[in-house]
Amino acid sequence: MAEKDAKADDPIDDIIEDKDPKLHIPQKLPILLLRDIVVFPYMIVPLFVGRDKSKSAIDHSLSTHRMILLLTQRDMETEDPKRNEVYDMGTVALIMRMLKLPDGRIRILAQGLSRAKIESYEEENGHLAAQVTVIQEPDTAEKTLESEALVRNVRTGLEKATSMGKNIPPEVLIIATNVEEPGRLADLTAANLELKVGESQAILEITDPVQRLKKVHELLAKELEILDVQSRISTEAKGEMDKLQRQYFLRQQMKAIQKELGEGNELQEELKAYQDKLKKLKVSVEVREELEKQISRLAQMHPESAETTVARNYLDWMFALPWSKSTVDNLDLKKAKRILDEDHYGLDKVKERILEYLAVRTLSKKIKGPILCFVGPPGVGKTSLGKSIARALGREFIRISLGGVRDEAEIRGHRRTYVGALPGRIIQGLRRAGSNNPVFMMDEVDKIGADFRGDPSSALLEVLDPEQNYSFRDHYVGVPFDLSKVMFITTANLLDPIQPAFRDRMEIIHLPGYIEEEKLEIAQQHLVPKQVKENALTLRLIQFTSGAIKKIVAVYTREAGVRNLEREIASVCRKVARKVAEGRRKMNKITSQNIEAYLGPPKIFKDQVQKKDQVGVAMGVAWTEAGGEVLFVEATKMKGKGGLLLTGSLGDVMKESAHAALSYARAHAKELGIDNKIFAQNDFHIHIPEGAIPKDGPSAGITMATALISVCTNRKIRWDLAMTGEITLRGNVLPVGGVKEKVLAAQRAGIKKMILPAPNKKDLIDIPKIVAKDMEFIFVEEINEVFAQALKKK
């Protein structure tokens, strides 16, 4: 084995001033393989030799011409390199001295003579040998400006590197100053730059002296940049250390002054305060042990360290949580009912559920908090209902919005290892509430997102499960917290986006929207007084009649809730407030006749029902988030080949219903009194007006079938009859959803008679009595019953 006897930054022992011109280099030389060093011409370098082949090569060299080829291997770990595992270019060296060491190794002192390229690589007499081609250094030509500039730059660079802390022997600088040949200066500089083996070998293989010096100059410039950055880092580090030492000295002085003045140690006082709080705190054994552990850790920390701040924040959070603090529930059922009625009109199902909970709570103190989910369109009062429930129960109210939340840590919190870690929103909300049994409302649970950071919906499964949430573990808190006393209420506009496991943990209560009479009561009891007060008016200056409110509901808003109704009322109040501000202080009575003067022309056109029987025009009803609408289905026939054209932005389900209706008509043509030739000689077109609005769903099946049969039989359809129901190919009428909204839509349009599927009879319980009393419902099981009711005889 051959290696350099010292690290790469050790100085070169000596530099040959000139080669002996009498030395003749033979064409075949023994090879000494080097592992981690490249020897340049003019270098004298000590080498330790351990491999048997290398020892044999040295013996052969010493017994002949004392010359040897120093060749570097590509991988220093290879013990017996092959031809392709060594570099092609090496350095012919003269062995100046040799010393055998007690451990069996040999130490030699070798002097580089010239570059040589190997032509062959073989083993003979126990050592490696090679045929070589000596690369003679070109004769010194006339100096060019470029070579002179390079020489000067390299000399200057060496001096600068030395001044910046580079370990370059003084004798090297002296020789560099006196060397004029570019190639020799390049070799000298490369030998002292601590280059990697690959970089050194690349320089060795450049035969042109100027090109070699240019490459060395580039490497020297890179080294100077590294030294500059290294120097700057050292300076900054020293400055920071000086600053920290100064701060430490000042703090020690401050401590000594405080001790002389008799002032206590702040950290000790803080620890004592924590221990006093812990004695008073009613928590489980696990929580107490964790707090004791953190207080003990804090006592061992330096007051100014970053870990101290983390520990303080954690302890502050833990002591601020309401582990055993609860508010006393209002168990007076009559008082609770009165509060709920004061705040909201209608919503009987929700109020009944809350009163049931209170009744059970009166009988048992161990009941777990219910987990309710209010589902309904915007503006029906889901969030305000949560506040009202908290007021009725006498509890604190906390609300968080989960719309757009994508990070699981928003629910469970961050682990304390992260900078700026905080508990999740659940624990934060309980701290704000100051009690462990608040009414906790989570808005917009149907709009929770999910990405690579986790799924908040899945994190909420534990929170909203009564069998698990008694030991909820927040990542930041790290110990169980009992959420079983919390009354969780969630809100959503739609159930479909909520994942099934999440939905299963909640008790779903639907808030379908308000009818016109309910909106009138809500406006008179809540919205008008609120807006009158907010606009600095009094009931002596403004008064809304029932007719005015009904007209606002009918032709200025179309919604299930009352948000737009409140905006329109606020708009009227602002206009009256302007009159008052201008000095016209008199009563402004808002009626159905003068409402347009305040709000402009109507924004919504009521469904126009043409009060005459027509062929091919049937009235259906559709469910919408705004509470349902009347839907007209128009059908006609024209000469053709039995095709069916569907227009009006219909969805796939509605298209399938239309095809099912046509198939039923063709299959039962004889019993319906239809000539089969009609289907072969005519095309049929079904259109549903308001084509820009997408429509879908199965409930228009019987409506489209009625319109088609009307066209085929030329029988008129009754104008005062609305219908809804799904049709099958066998003529059965299947039940549909949204019955309440559809009935209210028909009632708003002035329709008094309505056809419903027989299974939907049970849904009439949800229809307000005042509406059900004025309407006649016809329940059908087969489509023929629909035709009998809807189609007039010829």
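Predicted model: local features only at pLDDT ≥ 70, side-chain atom pairs only at ≥ 80, totals over all residues.

Trainee: How is a pair of packed helices described?

Mentor: Two packed helices are described by the angle between their axes and the distance between those axes. Here, helix H11 (residues 348-363) packs against helix H12 (residues 382-393) at an angle of about 30°, and the axes are 12 Å apart. Angles under 35 degrees count as roughly parallel, and H11 and H12 are therefore roughly parallel to each other. The crossing of H11 past H12 is right-handed.

Trainee: Which residues of H11 and H12 meet?

Mentor: From H11 come Val350, Ile354, Tyr357 and Leu358, and from H12 come Leu385, Ile389 and Leu393. The residues of this contact are seven nonpolar, no polar and no charged.

Trainee: Is helix H4 buried or exposed?

Mentor: Buried means under 20% relative accessible area. Nine of the nine residues of H4 (residues 182-190) are buried, so this helix is largely enclosed by the rest of the structure. Among them are Arg184 and Asp187, as well as Leu185 and Leu188.

Trainee: Which way do the side chains of strand E10 point?

Mentor: In a regular strand the side chains alternate between the two faces of the sheet. In E10, Ile371, Cys373 and Val375 point one way, while Leu372 and Phe374 point the other way. Five of the five residues of E10 (residues 371-375) are buried, so the strand is largely enclosed by the rest of the structure.

Trainee: What does E10 pair with?

Mentor: Strands of a sheet pair through backbone hydrogen bonds, either parallel or antiparallel. E10 runs parallel to strand E15 (residues 487-492), joined by five bridges, and Ile371 has Phe488 in E15 as its bridge partner. E10 also pairs in the parallel sense with strand E16 (residues 507-510), over four bridges; there, Val375 is partnered by His510.

Trainee: How many strands are in the open sheet with mixed pairing, and in what order?

Mentor: The open sheet has seven strands, in the order E21-E22-E20-E19-E23-E26-E27. Strands E21 (644-647) and E27 (776-780) are the edges, each pairing on one side only. From one strand to the next, the twist averages 30°. E26 (residues 753-757) and E27 run parallel and share five bridges, with Pro757 bridged to Val780 in E27.

Trainee: Which helix packs on that sheet?

Mentor: Helix H23 (residues 701-713) does, touching E19, E20, E22, E23 and E26. The direction of H23 makes about 35° with that of E20.

Definitions and conventions: Residues numbered from 1 in each chain as written. Heavy atoms only, no water. Buried < 20%, exposed > 50% of the residue type's maximum accessible area, 1.4 Å probe, protein only. Helix = DSSP H or I, 4+ residues; strand = E, 2+ residues; numbered from the N terminus. Axes fitted to C-alpha atoms, helices over the stretch in contact; angles between N-to-C directions. Parallel < 35°, antiparallel > 145°, perpendicular 65-115°, else oblique. Left-handed = near helix turned anticlockwise from the far one by under 90°. Contact = heavy atoms within 4.5 Å. Nonpolar A, V, L, I, M, F, W, Y, C, P; charged D, E, K, R; others polar. Pairing = 2+ DSSP bridges.
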